[in-house]
Amino acid sequence: MKQLQLEDFLKYKYLSNIAYAPGGKRAAFTVANANLDDNSYERRLYLYEDGKIKQLTDLGKEGSFLWEDEENLLFPAVRNAADKKRAEAKEQFTSYYRLSLTGGEALPAFSLPFSAMSLKHLKDDLWLCVASVDASCPDYYVMSASEKADYAKKLEDDKDYEVFDETPFWANGGGVINKKRSGLFLLKIDGSDVKARRLTEPFFDVSGLEIHKGKAYVTGSIRGAVENYLQFTLFSLEASLSDFFASAALKPIKTYDMQPGRMFFMEDRFFITATDAKRFGINENDWIYEISLPDGELSVLRKEEENMYSSVGSDCRLGGASNMKAKGDKLYYLTTRGDSSHLYYIDIKGDSYPVITKPGSIDGFAACDAHDKALMIAMYDNRLQELYEADLVSGEITKVSSFNDEVLSDVYVADYQPVSVVSEGLKIDGYVMLPKDYDPSKMASYPAVFDIHGGPKTVYGPVFYHEMQLWANMGYFVFFTNPKGSDGRGNEFADIRGHYGDTDYRNLMDFCDAVLEAYPQIDKNRVCETGGSYGGFMTNWIIGHTDRFCCTASQRSIANWVSFYGISDIGPMFAVDQNAADPFENPEKMWDHSPMKYARNAKTPTLFIHSDEDYRCPMAEGLQMHTSLLMNGVETRLVLFHGENHDLSRSGKPRHRIRRLSEITKWFEKYSRK
């Protein structure tokens, strides 16, 4: 068998955005691939119909889309010279193209005078659009061309400055968001003619939009200087063509002290997922509530203790897809159970039932009321993403695409060997990947890599992971597990508030011991360790508490909870919530759970990987640890990536992803091959 190469990810196809046409006869989806020459990703639209897949677009710049009707797709793009000129002038707009499935090229449909985030049909010629709004210039969409030019010049003049007067003030992958909001616009679209009207106040942030029988329901809140995650207001909207510029307005129904999730209708009954975060903090899984109308009173339909999405990690995805769909009297949804994500449904009584429970990861799905079929983007059988058709009655699934078959043909793909250990009274499960050309008779002769996932409320499972497969192909044992704090086992297991570095650390070390005992072929003096985000935090923690690893690679990490407070895009409350402490009343507790406190103990050669636009775990966290190791004479290296964010390993520019994985792999080779 051939050896998997580091750059093979350039050949992978990434599927996303699966969506049925209204009648359910056909579906469209997006396929992306890396373009090394442009150091970017190309995206194209594909059609699935009658068991066949057909490519619809070929420019490589068509990512998101929506169904206008059974025969036409709408997608945003900048294609003609006029739009390119507008974009170069920094004008804010979104041009949509219409692609008819009856044939022909995509043609200009209409243009919106703002940066659209989502577009939904309300009724007749009325549409609703959630779009980016600058609260300091909320009426940009009605400004004249000269006024827009003046505004663009002001932005250009001020490009060397940023003003922060609220938090969070930036977003990972979104840049500075100070004074930026997601507003709601009512649109009347008649051919290429568009009339727009902003329905929300300048500082209002839309969090959810659901349309049912021509009536809209909106969740959101007016966000002040400090965002309140645990409060939202529910609104209703009825509009008609006759009152488009007159009385159409959001009407408040009720305000709740909760964090909103998704709204949906089962039959004509109205529901929402939400949490008050009182039992397990801000990571608490949503319950499902029924909303009575018109008063907005809530009643619990289901006290759900598991999540309602997929949290299975992989570095072989690009883009997302729906994780929830109401269909008749059922709500179909993804949920992480153990180390895999499955498809379940909840009926109108609140009872939950499994539909698809095959080990692996369902990354998104589409369903419609027209039939009992669903289309899923999934990673099954230790392979890359493909499209699967699922029977929602029998649970049978059929693979209907082969985008990634060839790239892995005749290539060694390591299987997952289960290993479990009882640690701190908990059964901790994980896997070991055997090296290529493994010879079990060679005792204490193989190097190994211990990989720790991020989150911490995510999981590693039996899913294709490029970097791990690469290391296994290079002759390493690779192993991973899901310690306390991970997802897939309910709220209580995921809760490590105030205990970072306690039970989770001991779970990881006990699992490592179990692997070394189960596989004496591993040279325990040549075990490397790495992790990103929470895994980076844990790497920083590990080097301050043990020198058992020959080297480590800490990626996009947290080092100091005190300094982390107030600089992450997930807001100051994350550090407070996860530590059950704040830097004013009990900074000692935050410091006790900070890897920086123990950095003076470190002896392990450590590589740090960070990105200068990582606003989730800002680069100062890695710099602190790197400096501490330098001051203590520990071998260390820090590689900082310009223009990248927290998602470097998953969606970073192709050349940057190559450099990142090369740096980590060379570091392992340097210290594990001695």
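**Close-up views of a predicted model**

View 1. Helices (H or I, at least four residues) and strands (E, at least two) are DSSP runs, numbered from the N terminus. This is a predicted model, where local features need pLDDT of at least 70 and side-chain atom pairs count only at pLDDT 80 or more, while totals for chains, interfaces and linings use all residues. Residues are numbered from 1 along each chain as its sequence is written, and side-chain values use heavy atoms, with hydrogens and water left out.

**View 2. What α5 packs against.** Buried residues of α5 include Tyr505, Leu508, Phe511 and Val515; buried means under 20% relative accessible area, exposed over 50%, and partly exposed in between (1.4 Å probe, protein chains only). Their packing partners are β31 (416-423), β32 (426-433), β33 (446-452), β34 (477-481), β35 (522-532) and α6 (534-543). Leu516 also belongs to α5 and, at 19% relative accessibility, counts as buried. Leaving aside neighbours within four places in sequence, Leu516 is in contact (heavy atoms within 4.5 Å) with Ile522, Lys524, Val527 and Arg548. Ala448 is 68 residues away from Leu516 in sequence, and their C-alpha atoms are 9.7 Å apart.

**View 3. The largest nonpolar core.** A nonpolar core here is a set of buried Ala, Val, Leu, Ile, Met, Phe, Trp, Tyr and Cys residues joined through side-chain atoms within 4.5 Å. Of the 91 residues in the largest one, Tyr12, Phe450, Trp471, Phe479, Met538, Trp561 and Phe668 touch the most other members. α5 gives the most to this core, with 8 residues. Setting aside neighbours within four places in sequence, Tyr12 has contacts that include Leu4, Cys316, Leu384, Phe464 and His466.

**View 4. Helix α3, wrapped up.** 8 of the 8 residues of α3 (466-473) are buried, so the helix is largely enclosed by the rest of the structure. Its cover includes β31, β32, β33, β34, β35 and α12 (654-672). Just after α3, Gly475 takes a positive phi of about 105°.

**View 5. The second largest pocket.** About 770 Å³ of space lies in here. On a 1 Å grid over the protein atoms alone, a pocket is an open set of points where a 1.4 Å probe fits, with protein on both sides within 12 Å along at least five of seven lines; lining residues have an atom within 4 Å of a point. Points are joined across faces, edges and corners, and the volume is the space filled by probe spheres set on them. Of the 25 lining residues, Asp134, Tyr151, Leu155, Glu162 and Lys180 lie nearest the centre.

View 6. Leu237, in strand β17 (232-237), is buried at a relative accessible area of 0%. Among its contacts beyond four places in sequence are Leu128, Leu199, Ala248 and Leu250. Lys603 lies in the loop between α9 (587-592) and β37 (606-611) and is exposed at 60%. With neighbours within four places left out, Lys603 is in contact with Ile543, Asp547 and Val634.
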